[in-house]
Amino acid sequence: MLSLEAIQAAAERARPRVMRTPVVPVSDGNWLKLEPLQPTGSFKVRGFFAAALALSSEQLERGLLTVSAGNAALACAHVAQQLGVPCRVVMFDSAPEPKLEGVRQLGGEPILMPRDRLLDWMGQRGWESEPETFIHPFADEVVQAGHGGIGLEIVQQVPQVRRVVVPVGGGGLAIGVAGAVKALKPEVEVIGVQSDGYPLWVRTFEEGAPPSVTPHTIADGTAAPYDAGMHERLRDCVDRWLAVPEGNLRRAVAQLAVAGKVVTEGAGALGYAALELLPEGPETVAVISGGNVSPDLLASLLDENC
């Protein structure tokens, strides 16, 4: 597990460039941590600023490279723009158009690949032959530590917290948040959530090995591939796993927009959708991780659920 010192250092490095997002009550004993309010609309800027600002001047001047379903791409492009260096991002060719256009508007260059080819590129560590400095979107410990700033804030904002619910894709957010929260309040239970349309980690820990699954979910931000290096770390920091039915997730996005006045993407709404599956009791904070939803998808979800 990440050390508290590493998390505090990474969070402090990123602090001048990211937002201390609010925590708002959503029902008795349940709270939402609103990361869609960050620059680029997701938590990813925390880790990318923490990692980029830790690079040497030579590494930074080479430019930045990452791989992403969308939100890490936006974060990397934003960080590169703010620091005055170039950026390229390897992305699924199915990435939502608003995220692609957002990367371009920030000065980043998307490199589109079919899912199978992209996964092979990652497995072969294709970034090692590229000229830029690569920042791994979830396996980089400095990125994870930067995300841990969310956990530090949660404990300060809701000191009575007893459960934290976190959406899980690659796992970097869960590791960072859990590291911070458990270092300060060991009794807090960390719950990892995925859609049953891509329950990669849920099934991995149920079955003992990663299953062969293809994403069929609006939570594209959690459709990261299995990474063996993340297995032990997630096992050590996540206390419980939940698979949210895809139908519940689709309703949750609409409910948050209409009743909560919070616009979220599929992955961002997973924590909120999980609340109805948990027994009532301890004070719970659900991390709403991102809000970069396609307008067409949001309209469709509102139409089918409202």
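Me: How many helices and strands does the protein have?
Reply: The protein has 14 helices and 10 strands, taken as DSSP runs (H or I over at least four residues for helices, E over at least two for strands, numbered from the N terminus). Bear in mind that this is a predicted model, where local features need pLDDT of at least 70, side-chain atom pairs count only at pLDDT 80 or more, and totals for chains, interfaces and linings use all residues. Residues are numbered from 1 along each chain as its sequence is written, and side-chain values use heavy atoms, with hydrogens and water left out.

Me: Why is Cys87 called buried?
Reply: Buried means under 20% relative accessible area, exposed over 50%, partly exposed in between (1.4 Å probe, protein chains only). Cys87 has 6%, so it counts as buried. Cys237, at 1%, counts as buried too.

Me: How many disulfides are there?
Reply: The count is 0 disulfides. A disulfide needs a pair of cysteine sulfur atoms within 2.5 Å. For Cys87, the nearest cysteine sulfur is that of Cys76, 3.6 Å away, and Cys87 is in no disulfide.

Me: What share of the residues of the protein count as buried?
Reply: Of the 306 residues, 58% count as buried.
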